[in-house]
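Here is a short briefing on side-chain contacts. Please look at the sequence and the model first.

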Amino acid sequence: MKRWYAIYCKPREDERAELHLDHQAFEVFRPKHRVRRKRRGAMTTLIESLFPRYLFIHLDDVTQNWAPIRSTRGVAGMVRWGDHVPPVPEPVIDCLRRNVDEVGCIPTPQADYQKGDRLVIQEGAFTGHEGLFYGRRGEDRVMLLLEVMKQPQTMVFPEASVARG
């Protein structure tokens with residue numbers, strides 16, 4: 001009977017492990033998500049593993065040979081509890097697989113800011129200043145109401161650069 005199991009990967013090698021296991025004809029699943037990161041001074045969207053250093057593999061515990069998994073590039077080993085390799089519950093994998101898009105990414109929900117929420121700017125020229133959430137501008141930008149030179153001003157910031165105060 002085939003079940004899903006978790007594999008623990010070497011640091012920053014989950015993509016490599018997925019590729020090499022796939023080349024060996026194993027069915028693997030590595031859910032991903034989009035994250036905003038600052039690179040070379042600009043915010044960019046990257047695709048990363050939802051569970052860094054982990055991926056899932058669909059194996060038959062009776063007829064399939066698991067030995068090649070141990071020596072696969074990027075793989076540190078199977079997730080174990082002592083000598084036992086526990087299966088991942090099928091509903092967990094089903095839920096994850098149902099929610100991935102065409103590139104295997106699970107949509108990351110936007111923060112649920114309400115008008116008037118107090119937010120603190122985390123980076124840029126206004127680092128440390130507080131503002132009130134005013135609205136959204138596009139997918140990843142927020143408008144804040146700031147007091148600049150004793151005057152209320154509406155300014156737009158990347159959502160990744162603000163946090164609740």
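Are Arg30 and Glu18 buried or exposed? Both Arg30 and Glu18 are buried; buried means under 20% relative accessible area, exposed over 50%, and partly exposed in between, with a 1.4 Å probe and protein chains only.

This is a predicted model, where local features need pLDDT of at least 70, side-chain atom pairs count only at pLDDT 80 or more, and totals for chains, interfaces and linings use all residues. Residues are numbered from 1 along each chain as its sequence is written, and side-chain values use heavy atoms, with hydrogens and water left out.

**Salt bridges**

- The structure holds seven salt bridges (a side-chain nitrogen of Lys or Arg within 4 Å of a carboxyl oxygen of Asp or Glu).
- One of them joins Arg30 to Glu18, with the closest N and O atoms 2.8 Å apart.
- Arg30 sits in the loop between β2 (27-29) and β3 (32-39) and Glu18 in helix α1 (residues 14-23), so this pair ties together parts twelve residues apart in sequence.
- Helices (H or I, at least four residues) and strands (E, at least two) are DSSP runs, numbered from the N terminus.
- Asp117 and Arg164 meet in another salt bridge, at 3.0 Å from N to O.
- Asp117 is in the loop between α3 and β8 and Arg164 in strand β12 (residues 162-164), so the pair ties together parts 47 residues apart in sequence.
- Arg164 has 45% relative accessibility and counts as partly exposed.
- Glu159 and Arg136 also form a salt bridge, at 3.0 Å from N to O.
- Glu159 counts as buried at 13% relative accessibility, whereas Arg136 is partly exposed at 27%.

**Aromatic pairs**

- A search of the whole structure finds seven aromatic pairs (ring centres of Phe, Tyr and Trp, the last by its six-membered ring, within 6.5 Å; planes under 30 degrees apart count as stacked, over 60 as edge-to-face and the rest as tilted).
- Tyr8 and Tyr54 have ring centres 5.1 Å apart and planes at 50 degrees, so the pair is tilted.
- Tyr8 lies in strand β1 (residues 2-9) and Tyr54 in strand β5 (residues 54-60), so parts 46 residues apart in sequence are tied together.
- Tyr8 is partly exposed at 29% relative accessibility, and Tyr54 is partly exposed at 35%.
- Tyr113 and Phe133 have ring centres 5.5 Å apart and planes at 50 degrees, so this pair is tilted.
- Both Tyr113 and Phe133 are buried.
- Trp4, Phe29, Phe51 and Phe56 form one aromatic cluster.

**Charges over rings**

- Arg97 lies over the face of Phe29, 5.5 Å from the ring centre (CZ of Arg or NZ of Lys within 6 Å of the ring centre and within 35 degrees of the ring normal).
- Lys115 lies over the face of Tyr134, 4.6 Å from the ring centre.
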